[in-house]
Amino acid sequence: MRVRPARVQGSDPGASTRAFSGKIACVNLPLESKTALVTGASKGIGKGIALELARAGANVAVNYNTDRAGAEATVAEIHGMGRGAFAVQANVGVAADVDRMFKQTLEGYPRLDILVNNAGVQTWKPLLDLTEAEWDRTIDTNLKGCFLCAQRAGRHMRGSGGRIVNIGSGCNKVAFPNLVDYTASKGGIEMFTKVAAVELGQYQITVNCVAPGAVEIERTRLEAGDYSETWAKLTPLGRVGQPLDVARAVVFLASDAAAFITGQTIWVDGGLFSKPTWPYA
């Protein structure tokens with residue numbers, strides 16, 4: 001447990017760096033000294049997860065495919081918290097890239113405690129118009145990438161245990177029209193999570209899935225000019241999610257508090273996908 005000065009209540013932003021009446025507050029960092037790899041962490045939910053893992057005490061390897069600037073910005077924010085971080089490039093759907101990513105990660109850190117399979121893409125197109133190349137790109141990134149990374153992490157973790165968290169979606173259980181490739185990949189992740197949990201449990205490796213609902217990020221803002229308002233009306237809690245909502249669930253599953261939880265999907269959706277189509281007021 002790390003001890004830090006207590007924060008002085010008030011408007012002075014510098015007050016958090018000073019002791020209050022000589023007293024100190026104990027801040028629990030559930031992931032202190034842990035190391036994590038987050039795929040697709042240059043922006044959006046992946047970036048939010050990487051930052052929250054760092055706030056919880058972890059050092060983080062920040063994966064990206066093409067957005068190097070975004071990954072380096074994530075790394076800079078983590079460094080600003082006093083945590084270790086570095087960017088590592090890899091297309092998670094390519095085995096050689098994944099092997100190189102894990103080699104670089106384990107060169108930077110003595111071990112890997114946490115893997116978050118977040119990298120994902122989608123194609124907004126009807127089933128009858130979707131091309132084979134578009135299908136392959138989404139399945140390779142979302143589902144094959146999850147398999148490749150979990151397999152490599154599992155091989156490393158089987159000597160000491162670890163945590164694998166896969167990022168799903170509402171379409172783990174609900175069909176999303178015009179997103180057939182994405183829906184198929186996330187449904188696959190749901191079952192992959194379960195079988196991986198069963199197989200890897202003997203090594204004290206837990207495998208779980210976090211399935212977000214409507215979350216406001218750079219990509220979703222482009223879906224509709226009023227994305228937040230549109231989905232807030234449908235969500236029982238009356239708002240859309242933020243990356244931090246998802247990230248907090250990941251931190252929980254990565255912590256000792258979730259040591260006996262495996263093979264589960266945690267829905268972080270404000271009740272959206274538990275709400276039925278109901279004809280009565």
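In H3, Ala95, Val98, Asp99, Met101, Phe102 and Leu106 meet Leu148, Cys149, Arg152, Ala153 and His156 of H4. Contact here means heavy atoms within 4.5 Å. By class, this contact of H3 with H4 has 8 nonpolar, 1 polar and 2 charged residues. Nonpolar covers Ala, Val, Leu, Ile, Met, Phe, Trp, Tyr, Cys and Pro; charged covers Asp, Glu, Lys and Arg; the others, Gly among them, are polar.

A word on the model. It is predicted, so to speak of local features we need pLDDT of at least 70, side-chain atom pairs count only at pLDDT 80 or more, and totals for chains, interfaces and linings use all residues. Residues are numbered from 1 along each chain as its sequence is written, and side-chain values use heavy atoms, with hydrogens and water left out.

Back to H3, residues 95–108. Helices are DSSP runs (H or I, at least four residues), numbered from the N terminus. How do the axes of H3 and H4 cross? They come within 10 Å and cross at roughly 40°. That makes H3 oblique to H4. Axes are lines fitted to C-alpha atoms over the stretch in contact, and angles run from 0 to 180 degrees between N-to-C directions. Under 35 degrees counts as roughly parallel, over 145 as roughly antiparallel, 65 to 115 as roughly perpendicular, and the rest as oblique. The crossing of H3 and H4 is right-handed.

Next, H4 with H5. Their axes lie 8 Å apart, at an angle of about 15°. That makes H4 roughly parallel to H5. H4 passes H5 in a right-handed crossing. On the H4 side, the contact residues include Trp135, Ile139, Leu143 and Phe147. On the H5 side, they include Val180, Tyr182, Ile189 and Phe192. By class, the contact of H4 with H5 has 11 nonpolar, 4 polar and 3 charged residues.

Now the third pair. H1 is residues 44–55 and H2 is residues 68–80. They pack at an angle of about 20°, with axes 9 Å apart. H1 and H2 are therefore roughly parallel to each other. Their crossing is right-handed. Lys47, Ala50, Leu51 and Ala54 of H1 touch Thr74, Glu77 and Ile78 of H2. That contact divides into 4 nonpolar, 1 polar and 2 charged residues.

On a 1 Å grid over the protein atoms alone, a cavity is a set of points where a 1.4 Å probe fits but cannot get out; a pocket is an open set with protein on both sides within 12 Å along at least five of seven lines; lining residues have an atom within 4 Å of a point. Grid points are joined across faces, edges and corners, and a volume is the space filled by probe spheres set on the points.

How many cavities of 30 Å³ or more does a search of the whole structure find? It finds 1. The largest cavity has a volume of about 70 Å³. Of its 13 lining residues, Asn117, Asn118, Ala119, Asn142 and Cys146 lie nearest its centre. H4 gives the largest share of that lining, 5 residues. The lining divides into 6 nonpolar, 6 polar and 1 charged.

Last, the second largest pocket, with a volume of about 280 Å³. Ala150, Gln151, Ala196, Glu199 and Leu200 are the closest to its centre, out of 13 lining residues. Helix H4 (132–157) and helix H5 (180–200) each give two or more residues to this lining.

Technical notes:
A crossing is left-handed if the near helix is turned anticlockwise from the far one by less than a right angle, and right-handed if clockwise.
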